[in-house]
Amino acid sequence: MSTSLIAANTLRTTEIVQIRTESPTVKTFTFIDRLCLKAKPGQFLMLWIPGIDEIPLSIMDVNNGLVAVSVKQVGDATKHLHSLEAGATVGIRGPFGNNFTESRGRVLLVGGGTGTAPLLFLAKQLSAKTERLSFVEGAKTKDELLFVRELNGVCKERNLITTTEDGTYGLQCLVTQPLATLLDKEKFDMIYTCGPEVMVKKIFELTEQRKLPIEASLERLMRCGIGLCGSCVIGKYRVCKDGPVFNAAQLREVRDELGISKIGFDGSRIPI
Ligand SMILES: Cc1cc2nc3c(=O)[nH]c(=O)nc-3n(C[C@H](O)[C@H](O)[C@H](O)COP(=O)(O)OP(=O)(O)OC[C@H]3O[C@@H](n4cnc5c(N)ncnc54)[C@H](O)[C@@H]3O)c2cc1C
Ligand code: FES
């Protein structure tokens with residue numbers, strides 16, 4: 001194990017500095033962590049909630065000496081995290097995994113749910129460097145569309161397309177619908193995506209049909225975060241170590257599993 005991975009894998013405790021409510025189910029937590037301050041968009045950390053569990057979370061921002069993660073309440077660990085207040089102690093390991101590459105030309109980012117968090121981090125870093133930055137964000141309903149104000153600031157309003165399944169904000173459709181039109185109309189040098197795997201799979205299919213480059217951040221069940229336990233495998237890859245960001249060639253290799261099945265906590269294969 002390299003010295004930098006040993007350092008990243010050493011558990012540090014820190015206090016939650018600030019908690020911001022983003023939606024009825026999502027909160028952003030900020031804290032100080034010297035190592036994660038060096039993280040790049042796409043990397044993740046393992047957050048330990050004392051006495052409960054340790055969970056993988058994408059780094060959503062590093063700014064003014066603070067690290068931020070945005071967390072959706074889905075089960076036991078995230079419920080406990082949501083119940084904490086500023087000043088509470090948590091444990092951090094990381095940053096882990098690879099990061100999105102920086103494309104300089106015309107880029108398109110497609111986010112769904114909390115998958116928008118690492119893409120906002122990426123968009124902030126790319127906005128001054130790219131020729132044109134466009135963003136498509138989808139959610140079930142208006143309340144669940146995350147970071148709309150921040151995204152408008154980063155990519156200028158005309159380059160942000162929002163969709164909701166119930167039509168309460170933006171276009172009433174799935175995120176993939178305006179995407180197909182956009183990909184046929186405009187030329188993009190890179191498409192970045194993160195979100196529910198079924199969405200990622202559809203976006204990958206759209207880019208494959210058009211022979212476009214893509215980088216997708218994938219989620220799998222994770223325990224160790226450093227490539228040892230095997231719980232995060234997809235095909236020949238370990239998402240925590242070889243990913244979480246995968247390019248088109250790698251996605252092609254795992255297309256039999258992408259959006260279809262994953263390994264559950266008991267080691268059996270379960271449908272996604
Ligand atoms: C690389 C990576 C980055 C992630 N980034 C974010 C993020 O930025 N924001 C966010 O809200 N969520 C993120 N997740 C998902 C987050 O880790 C899970 O929602 C969380 O672990 C659920 O824990 P729980 O105890 O609340 O729910 P549980 O009751 O354990 O499970 C609820 C659901 O969450 C999923 N899940 C549970 N444990 C894990 C785990 N260890 N790894 C992955 N999925 C799990 C399962 O599919 C399950 O159906 C990320 C996952 C990965 C792998
Ligand atoms: S989480 Fe253990 S190998 Fe990836």
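Select helices α3 and α4 and look at how they cross: the crossing is left-handed. Left-handed here describes a near helix turned anticlockwise from the far one by less than a right angle; clockwise is right-handed. Helix α3 covers residues 116-126 and helix α4 residues 148-155. They pack at an angle of about 30 degrees, with axes 10 Å apart. That makes α3 roughly parallel to α4. Angles under 35 degrees count as roughly parallel, over 145 as roughly antiparallel, 65 to 115 as roughly perpendicular, and the rest as oblique. Axes are lines fitted to C-alpha atoms, for helices over the stretch in contact, and angles run from 0 to 180 degrees between N-to-C directions. Helices (H or I, at least four residues) and strands (E, at least two) are DSSP runs, numbered from the N terminus.

This is a predicted model: local features need pLDDT of at least 70, side-chain atom pairs count only at pLDDT 80 or more, and totals for chains, interfaces and linings use all residues. Residues are numbered from 1 along each chain as its sequence is written, chains are lettered from A and ligands numbered from 1 in the order written, and side-chain values use heavy atoms, leaving out hydrogens and water.

Next, select α5 (residues 176-185) and α6 (residues 197-209). Their packing angle is about 15 degrees, and the axes lie 11 Å apart. That makes α5 roughly parallel to α6. The crossing of α5 and α6 is right-handed.

Now go to ligand 1. Which residues come nearest? Of the 20 around ligand 1, they are P56, S70, K72, A77 and T78. A residue is near if one of its heavy atoms lies within 4 Å.

- P56: a backbone N or O atom lies 2.7 Å from an oxygen atom of ligand 1.
- K72: a polar backbone atom is 2.7 Å from an oxygen atom of ligand 1.
- A77: a polar backbone atom is 2.9 Å from an oxygen atom of ligand 1.

Taken alone, ligand 1 exposes 850 Å², and the protein buries 79% of that. These areas come from the Shrake-Rupley method with a 1.4 Å probe; for residues, only the protein chains shown count as cover. Colour by element: β4 (53-58), β6 (66-72) and α2 (76-83) each give two or more residues to the shell. β4 gives the most, with four.

Select G94 and P95: their peptide bond is cis, with omega near 5 degrees. P95 is found in strand β7 (residues 89-96). Move to G243 and P244, also joined by a cis peptide bond, with omega about 15 degrees. P244 is in the loop between α7 (239-242) and β16 (245-247). Finish at N64, which has a positive phi of about 50 degrees although it is not a glycine.

Technical notes. Polar contact = N/O pair within 3.5 Å; in protein donor to acceptor, adjacent residues only side chain to side chain.
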